Amino acid sequence: MTGGEILGVTAVGVLAGVDLVSVPQAMTARPLVAALVGGWLMGHPAVGLLVGVLLELFALETLPVGAARYPDWGPPAVATGALVAERAGTTVTAGIWPVLLVAVLVAALAASIGTWSMHLVRHANGAAIRRYTDQLERGDPKALIALQAGGFVRDSGRSAALTLLTLLPGGVLVQVLSESWRAPAVVAEGIVLSVALGAGALSAWRLFGRGATARWLLAGLVAGCAGVLLWA
Amino acid sequence: MRGGPPVGVTFRGVPGFVVAAARLFAVQSAWSYERMLGIGFGHAIEPLLRPLRGHGGARYAEALARQSRFFNAHPFVTSIAVGAAARAELDGEAPERIERLRAALCGPLGVLGDRLIWAGWLPACVGFGLILVAAGAGAWGVAAFFALFNVVHVGLLVWGLRAGWRAGMRVAGALANPFLQRGLEVVGPLAALAVGAALPAVIVWVVRGAGMGVAWSVAWTPLVAAVAGAGVFAAAAHRIGTRLTALSAAILVLGVVVVGGELWP
């Protein structure tokens, strides 16, 4: 990956990272969007889309509710979309599955680190607010602007760091571990699909498996299976 | 009431309405555990309080200080509280009444947004987007997800600001809006339906080459294995309980498999 590509992926990672909480919560932080853009930056949006769909199944349980701690999938998804697209090259073959397996693991680890990085930013915001208490109690609008800007800068720095962490050490891990993978590619394929579908099913069950929505979830599953059979 | 509304302040005439709406998109920028959305609330409402700046600016400063204190609700419907609180300040309501209004809105607006958006509209849009991708729409499916979600996001934010401004201290009536109530009834089942249909659709889409015309190693065997494996994974994680998130379970399983793949004979 060239310096320009790293810079481009990091810039998009920052946009995805600040979108989760700070601004504008337009859902560019969802892996479906973020990984597609990451792949597109490396000239292979279809691979980015594949990564995005797989990561989205893991991210289904991520609902950014208030003070709760939740993983940040945006920057890792941008970086992983770019990494897999770069490794896939121009022709995608079954050999991509070990790369996808390690990339999904790297993205999941980075998303977990994202949880803690957001916690740190929130504490830093609190410390900044305490420094501005007098101005805030005097109703000084400049204090509000300074705090909002400070929060944005901290979140941007956090997002850039998370993208670079996924892209650089994560990229080395993806390269080394996928190249030294010795099992057949079909094993990686089966495991990635099992875990992604299992995570998606578990999240769907936790979100909708109780009360009035349970029968709608079941109806959706039946409709989805019927649609797949008819389509095939 | 302390002096009544400033002359000429109507909804159409509020000069800071567009700026306030734009600032509401960044209402969580300075989110902290102490004030939560308080700073963003103060930043968003500030343009609407500018008509109070006359006569030495004391009312403006008092109002801004009050509006920057603790506030917590769903970010998309915080606009309702911003509109209502701004109207109450401009109407000259007593400070303690305004503070009670802000405190009273936190819970209902939090529940409303969480049910309507996080547990409803967001998963519904994700499910719909995934179905479109699986049906061959490619990046257009992602674009549809993005557009669908944000039509409601922007619409709710702007509607909330207007509704709050119109209602002022009587903002509870805005929450009983029939469209909003109907939305709450419909969005949960819609989301469950969309996510349920998306799961088999995307997994078959991936197995069939993810729209790239690639025939993976063995087409249907991994699908059967994946469904069985997914069942085992989800059941095990469910049995352990909510302490184990899907993410942590996935890290554990994928980590073990990566090591296994390296040691494969």
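This is a predicted model: local features need pLDDT of at least 70, side-chain atom pairs count only at pLDDT 80 or more; totals for chains, interfaces and linings use all residues.
## Chain A

Chain A holds ten helices and zero strands. Read from the N terminus, its elements run α-α-α-α-α-α-α-α-α-α. Along the principal axes, the C-alpha atoms of chain A fill a box of roughly 65 × 50 × 25 Å.

Of the 232 residues in chain A, 59% are buried. When contacts in chain A between residues at least 6 apart in sequence are considered, 77% join residues at least 24 apart.

## Chain B

The secondary structure of chain B also consists of ten helices and zero strands, and its elements run α-α-α-α-α-α-α-α-α-α from the N terminus on. Chain B has 265 residues, of which 51% count as buried. Among its contacts with a separation of 6 or more, 72% are between residues 24 or more positions apart.

Two domains are assigned in chain B: domain 1 covers 17–193 and domain 2 covers 217–263. The centres of domain 1 and domain 2 of chain B, taken over C-alpha atoms, are separated by 39 Å.

## The contact between the chains

The contact involves 93 residues from chain A and 89 residues from chain B. On the chain A side, the elements that give two or more residues are helix H2 (31–41), helix H3 (45–59), helix H5 (96–131), helix H6 (133–137), helix H7 (141–167), helix H9 (185–208) and helix H10 (213–231). H9(A) gives the most to this side, with 21 residues. Sorted by class, the side of chain A that touches chain B has 64 nonpolar, 21 polar and eight charged residues.

## A helix pair across the interface

Two packed helices are described by the angle between their axes and the distance between the axes. One pair with a member in each chain is H2(A) and helix H6 (residues 139–167) of chain B, which pack at an angle of about 135° with their axes 10 Å apart. H2(A) and H6(B) are therefore oblique to each other, as an angle counts as roughly antiparallel over 145 degrees. The crossing of H2(A) and H6(B) is left-handed.

From H2(A), the residues that make the contact are A:Leu32, A:Val33 and A:Leu36, and from H6(B) they are B:Ala139, B:Val142, B:Phe145 and B:Phe146. By class, the residues of the contact of H2(A) with H6(B) are seven nonpolar, no polar and no charged.

## A helix pair within chain B

Helix H2 (residues 38–49) of chain B packs with helix H3 (residues 58–67) of chain B at an angle of about 155°, and their axes are 9 Å apart. That angle makes H2(B) roughly antiparallel to H3(B). The crossing of H2(B) and H3(B) is right-handed.

In this pair, H2(B) contributes B:Phe41, B:Gly42, B:Ile45, B:Glu46 and B:Leu49, which meet B:Tyr60, B:Ala63, B:Leu64 and B:Gln67 in H3(B). The residues of this contact divide into six nonpolar, two polar and one charged.

Most residues other than glycine have a negative phi, and most peptide bonds are trans. In chain A, the peptide bond between A:Val23 and A:Pro24 is cis, with omega about -5°. A:Pro24 lies in the loop between helix H1 (3–20) and H2 of chain A. A:Gln25 is placed in the loop between H1 and H2 of chain A, and its phi is near 55°, a positive value in a residue other than glycine. A:Gln25 counts as buried because 23 C-beta neighbours lie inside 10 Å.

In chain B, the loop between H1 and H2 contains B:Met36. B:Met36 is not a glycine, yet has a positive phi of about 50°. B:Met36 is buried, with 20 other C-beta atoms within 10 Å; the cut-off for a buried residue is 20 or more.

B:Phe17 belongs to helix H1 (residues 17–24) of chain B. B:Phe17 has 19 other C-beta atoms within 10 Å, so it is partly exposed. B:Phe17 and B:Pro47 are 30 residues apart along the chain, and their C-alpha atoms are separated by 7.2 Å.

Technical notes: Residues are numbered from 1 along each chain as its sequence is written. Chains are lettered from A and ligands numbered from 1 in the order in which they are written. Axes are lines fitted to C-alpha atoms, for helices over the stretch in contact, and angles run from 0 to 180 degrees between N-to-C directions. Helices (H or I, at least four residues) and strands (E, at least two) are DSSP runs, numbered from the N terminus. Angles under 35 degrees count as roughly parallel, over 145 as roughly antiparallel, 65 to 115 as roughly perpendicular and the rest as oblique. A crossing is left-handed if the near helix is turned anticlockwise from the far one by less than a right angle, and right-handed if clockwise. Two residues are in contact if their C-beta atoms, placed from the backbone, lie within 7 Å. Ala, Val, Leu, Ile, Met, Phe, Trp, Tyr, Cys and Pro count as nonpolar, Asp, Glu, Lys and Arg as charged, and the others, Gly among them, as polar. Domain bounds come from an automatic or database domain assignment. A residue is buried if 20 or more other C-beta atoms lie within 10 Å of its own, exposed if 12 or fewer, and partly exposed in between; C-beta atoms are placed from the backbone.
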